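User: Hello! I have just opened this structure and would like a friendly walk through it. Could we take it one question at a time?

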Amino acid sequence: MNELRDLLDGLVADIDAVFLFSPSMSDYEALEESECTVVVVGPENSVDAAEFVELPIDFTDLEGRIRFGIEGALEQELVEEGDEVVCVSGFMTGTANAVARIQTNDFSPSGVYDLFVNSRAEPGVVRDIFEVAVELGKKGQKGKPVGALFVVGDAGKVMSKSRPLSYNPFEKSHVHVGDPIVNVMLKEFSRLDGAFVISDAGKIVSAYRYLEPSAEGVDIPKGLGARHMAGGAITRDTNATAIVLSESDGLVRAFKGGELVLEIDPEEY
Amino acid sequence: MQSISEWPDVVRTLFSPQGTFVVSLAVLSLGLLAGFLVWRTARQFMEELGVPETVEGTPFERTARSLGTSTVGIVSNLAALFVYIIAITIALNIAQLVQPEAYWTRFTAFLPDLFIAVFAIIIGLIAGDKAKLVVSERLRSVKLPEATVVPEIVKYSIFYLAVLIALGQLGVATMALLILLAAYAFGLVFLTGLALKDLLAAAAAGLYLLLAEPYSIGDEVVIGDQRGIVQEVDMFVTHVESDGREHIIPNQQVMRSGIVRVRE
């Protein structure tokens, strides 16, 4: 057993910060006494930590969670680039049982923290749309897989760079994402072609929009279709975020600044 | 209350002295029974109304708990006590154990007022504390130290009202306090109106803009000196953006200066 303990000691030696993912109060209080920075990452700050990164969605895979936590801490300047950090998190189960040592510049930032926190639209709106897309991906429309394209934020500019395919069903309606009726409505309207446009504050401005950005030089992974291309391109032309549900592989992808920043599988979420 | 003080005389003219005594005993036992029934009904009624859950966590309830009782207990006991005292007083009057014109008869007439006064104070204490809890819950997201004053003001306003009602019941001259209340209410309404003047005007204009939608998100408009694309319209303001500058224009200004829609 001693060798194993030495291995673990080596893993946590000379670190700059500890990342606790949804810790219990006692764990946090015990670690708070130590001299290194303690960063708490979770859906809510249940332990009233000073250093806290909020998780907007419940990442099921460990890598996504750690990535988000570290990017968030870097953004808030809780840790510096090149710091050695140790992440304590629940793996498979909810309790803290996994320890990982990571150098903060080991991976290239994917912008996933940026997507939620620094988007033009309010973080809650981006999260709500994400949840709608995931829900839609899980259930589909009447059991059949559907695709959908949501363009969130900077709605004025998006509207001026797009044209209607038909009458806008949301005209003169005041529907906001997060209203309980919206999930049903969006599910029904997802059989329509075209994009949903959502404003910074979460108002659904239009459905049935045909996006007309210049797609020149937009680099998205090969194999993705016209919907993703349109979504990626509009985010390069405007400050919007595009959240796309693929009809063929059922994944939810987010684009910002013309680049793919997040890809999750609704089934695992 | 006149009838209560007349009853004993009626009873005494109808019955012999021994009969009168028996009747007074009967009244006493009836009163005890009625008191018990009142106690039980009040308890059940309040529990069905969900009073225990509502008063949960208020200082009054906590004080009552530390004394080994509860708000419901206090109120129902009070109601029963009221019935007992009335029964005892009537019985004493019928049996003529005390002077009919003595303190006790006037006390009987005074009792309902006293009961209502105590009841008003209890309700006021609970409502005040509850209102304070609700308001401070609402203001939790506001991290200003000044915001903690608001719940206290609400609490003491309600206490003041309760005391005023209680004193009015007891027949104490409350004219000065009433005038103070009126001045306070007027000040509150007047100042709030003054403070919300701009917001009310914006909301009235916003209501029209939202319902009629003369322009919507994505339209290019000129409002006053600002030209740009509409990004957001809500109850109070319109966001217009041009060249990376977002102008947030109060809705009443939109209505006053008019809107130009630019269609190339």
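This is a predicted model: local features need pLDDT of at least 70, side-chain atom pairs count only at pLDDT 80 or more; totals for chains, interfaces and linings use all residues.

User: In what order do the 5 strands of the open sheet in chain B lie?
Analyst: The edges are a handy place to start: S4 (245-250) and S5 (259-261) of chain B each pair on one side only. Neighbouring strands of this sheet are turned against each other by 45° on average, with direction ignored. The pairing is antiparallel, and the order is S4-S3-S2-S1-S5.

User: How many residues does S2(B) supply to the side of chain B that touches chain A?
Analyst: The contact takes 14 residues from chain A and 12 residues from chain B. There are 3 salt bridges between the two chains. On the chain B side, helix H9 (197-212) and strand S2 (226-233) each supply at least two residues. The largest share comes from S2(B), with 4 residues.

User: By class, how many nonpolar residues does the side of chain B that touches chain A have?
Analyst: Across the interface of chain B and chain A, 10 residue pairs are in polar contact, both residues being at pLDDT 80 or more. Sorted by class, the chain B side has 4 charged and 2 polar residues, while the nonpolar count is 6.

User: What is the area buried between chain B and chain A?
Analyst: The size of an interface is often given as the accessible area lost when the parts come together. Here carbon and sulfur atoms give 48% of that area, and the total between chain B and chain A is about 1000 Å².

User: Which side chain of chain A meets Glu246(B) in a salt bridge?
Analyst: Side chains of opposite charge can pair when their charged atoms come close. For Glu246(B), the N to O distance in its salt bridge is 3.5 Å, and the partner is Arg120(A).

User: Why are Arg67(A) and Glu63(A) separated by about one helical turn, and how many salt bridges does the whole structure have over all chains?
Analyst: The side chains of Arg67(A) and Glu63(A) meet in a salt bridge, at 3.5 Å from N to O. They are separated by about one helical turn because they are 4 residues apart in helix H3 (residues 62-75) of chain A. Over all chains, a search of the whole structure gives a salt bridge count of 17.

User: What are the edge strands of the 7-strand open sheet in chain A?
Analyst: This sheet has mixed pairing and runs in the order S7-S9-S8-S6-S10-S11-S12. The twist averages 35° from one strand to the next. Pairing on one side only, the edge strands are S7 (162-164) and S12 (259-264) of chain A.

User: Which residue in S9(A) is the bridge partner of Ala195(A)?
Analyst: Strands S8 (residues 195-198) and S9 (residues 204-211) of chain A pair in the antiparallel sense over 3 bridges. In S9(A), the partner of Ala195(A) is Arg209(A).

Methods. Residues are numbered from 1 along each chain as its sequence is written. Chains are lettered from A and ligands numbered from 1 in the order in which they are written. Side-chain values use heavy atoms; hydrogens and water are left out. Two strands pair if DSSP finds at least two bridges between them. Axes are lines fitted to C-alpha atoms, for helices over the stretch in contact, and angles run from 0 to 180 degrees between N-to-C directions. Contact means heavy atoms within 4.5 Å. Buried area is the accessible area (1.4 Å probe) that two parts lose on being put together, summed over both. A salt bridge is a side-chain nitrogen of Lys or Arg within 4 Å of a carboxyl oxygen of Asp or Glu. A polar contact is a pair of N or O atoms within 3.5 Å; within protein, one must be able to donate a hydrogen and the other to accept it, and residues adjacent in sequence count only if both atoms are side-chain atoms. Ala, Val, Leu, Ile, Met, Phe, Trp, Tyr, Cys and Pro count as nonpolar, Asp, Glu, Lys and Arg as charged, and the others, Gly among them, as polar.
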